[in-house]
Amino acid sequence: MLFERPGGGERAVLVHLDAQDPAAREDPHEFRELAKSAGAEIVGFVNVARHQPSAKFLIGSGKVEELHDLVRDDEVELVIFNHTLTPSQERNLERALACRVLDRTGLILDIFAQRARTHEGKLQVELAQLDHMSTRLVRGWTHLERQKGGIGLRGPGETQLETDRRLLRVRIRQIKQRLEKVRSQREQARRGRRRADIPLISLVGYTNAGKSTLFNALTESEVYAANQLFATLDPTLRRLELGDLGPVVIADTVGFIRHLPHKLVESFRATLEESSNADLLLHVIDAHEPERDQQIEQVMAVLTEIGAHELPILEVYNKVDLLDGIEPQIQRNADGVPQRVWVSAQQGLGLDLLKQAVAELLGNDLFVGTLRLPQQLGRMRAQLFDLGAVQSETHDEEGVSLLDVRLQRVELHRLISRAGLEAETFFEQHTLQ
């Protein structure tokens, strides 16, 4: 029988394993920030130099005894590991330390549970928590694993553990059905935007890179932004006017982090699809972060996992005001195409340059010009008006319509094809330079 779990959990000791494998190594500073974001009162930080993790405790038995004394002396209620623990390791550590033990995945899930504001966000967090909990149910029911017999104890042949697992499966199925409805509603909204030829821009990046601050600066919104990890959880969409390009929709999304639990990626699929279906990704990077290259790699790894790595990406190096000798600017590749923009969302520096770069990238597939349509192309004229592509209309001396048009080239080519015309011939005869 396990100990009774305390209701608190704020006084915490952090345990960081200094692994030899670079791929498995975590950032201790980021670990502290995660714990603070979760509301923990950090009373100790234990750094363990162990190159071969223990199967029973992850750390050595000597460190476990040291931790036990620390927990007892400082009245610690929670020990948090900066690594993923197996269910058996978590159970063994709780027995040995006589307090709650949480691993990195559980810590991130707790932060997400605190940050979720919308009904959809809460459902997504609950799904991830239930998936995580399903492998750890045995921890709380070790005394009920066997079916009991005797008078008054004979039941339907199902242990308490099996009952809990069945109830979990039912709840997980219900949540997935609700999230599928959310997903279909998002897809309908995306189809509506595509019909209106409104491009979607999605902000992606490492957590606390300044995405929400940039989002607010661009759209004059008041989305919650704070200097903490995972301040934004629920996606927010706003409309933005970009000069000749016209209206675009910009989406602020959840930040990524190294070794983002796969369960979270799966649970937040409906939200992350805003990124995988975007016309352009703005990869917001903390230019002042010493480990920004590693953070860029982690973001690209998550984008690959959700199938968004092949989309057009514009790198936005944020917090330029914290760097010496670097001014807001657009950096281009050998073909003159914008690759990265240096800005300060907090100070409002370089935002016009960012809008210019976005307009250039999205405007490559946009036709902006004047079409000269005679009366025999009246059907095409009506279709252009139906699409909302006509900005203004005048007529020359011969009564020919002169239409100022802004339209996706693929849509214009479709109209030309329907009219039975060749695109090259049409542009020679019916466009004014």
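Predicted model: local features only at pLDDT ≥ 70, side-chain atom pairs only at ≥ 80, totals over all residues.
**Entry 1**

I then looked up the whole sheet, which is open, consists of 4 strands in the order S2-S1-S3-S4, and has parallel pairing. Strand S2 (41-48) and S4 stand at the edges, and since each has a single partner strand, one side of each is left without a neighbour in the sheet. Averaged over the sheet, and with direction ignored, neighbouring strands are turned by 20° against each other. I also noted that H2 packs on this sheet, where it touches S1, S2 and S3, and that the direction of H2 makes about 165° with that of S2.

**Entry 2: helices H2 and H3**

At what angle do the axes of H2 and H3 cross? I read off a crossing of roughly 55°, with the axes coming within 9 Å. H2 and H3 are therefore oblique to each other. On the H2 side the contact is made by Val64, Leu67, His68 and Val71, and on the H3 side by Leu93, Ala96 and Leu97.

I stayed with helix H3 (residues 87-97) and listed its buried residues, which are Gln89, Glu90, Arg91, Asn92, Leu93, Glu94 and Leu97. These buried residues pack against helix H2 (61-73), strand S3 (78-81) and strand S4 (100-102), so I can tie H3 to two strands of the sheet as well as to H2 by citing the definition of contact, heavy atoms within 4.5 Å. After H3 comes alanine 98, for which I noted a positive phi, near 55°.

**Entry 3: the sheet of 7 strands**

Which order do the strands of the other open sheet follow? I traced 7 strands as S6-S7-S5-S8-S9-S11-S10, and the pairing is mixed. Strand S6 (236-242) and strand S10 (329-332) stand at the edges, each with a single partner strand, so that one side of each is left without a neighbour in the sheet. From one strand to the next, the twist averages 25°.

Helix H7 (residues 211-219) packs on this sheet and touches strand S5 (200-205), S6, strand S7 (246-252), strand S8 (280-286) and S9, while its direction makes about 155° with that of S7. I found helix H10 (residues 292-305) lying across S5, S8, S9 and S11, and running at about 150° to S8.

Looking at one pairing in detail, I saw that strand S9 (residues 313-318) and strand S11 (residues 338-342) run parallel and are joined by 3 bridges. Tyrosine 317 stands opposite tryptophan 342 in S11.

**Entry 4: salt bridges**

I counted 13 salt bridges, taking a side-chain nitrogen of Lys or Arg within 4 Å of a carboxyl oxygen of Asp or Glu as the rule. I looked up three of them one by one.

Glutamate 315 forms a salt bridge with arginine 340, and the closest N and O atoms are 3.1 Å apart. This pair links distant parts of the chain, with glutamate 315 in strand S9 and arginine 340 in strand S11, 25 residues apart. Is glutamate 315 buried or exposed? Glutamate 315 counts as buried, because its relative accessibility is 18%, whereas arginine 340, at 24%, is partly exposed. I also noted that salt bridges with shared partners join Asp69, Arg72 and Asp73 into one network.

For arginine 171 and glutamate 126, the closest N and O atoms of the salt bridge are 2.8 Å apart. This pair also links distant parts of the chain, arginine 171 being in helix H6 (residues 160-195) and glutamate 126 in helix H5 (residues 119-134), 45 residues apart. Arginine 171 counts as partly exposed at 23% relative accessibility, and glutamate 126 counts as partly exposed at 25%.

The last pair I looked up is glutamate 33 with lysine 36, where the closest N and O atoms are 4.0 Å apart. Both residues lie in helix H1 (residues 28-37), 3 residues apart, which is about one turn of the helix. Glutamate 33 counts as partly exposed at 25% relative accessibility, while lysine 36, at 51%, counts as exposed.

How values were computed: Residues numbered from 1 in each chain as written. Heavy atoms only, no water. Pairing = 2+ DSSP bridges. Axes fitted to C-alpha atoms, helices over the stretch in contact; angles between N-to-C directions. Buried < 20%, exposed > 50% of the residue type's maximum accessible area, 1.4 Å probe, protein only. Parallel < 35°, antiparallel > 145°, perpendicular 65-115°, else oblique.
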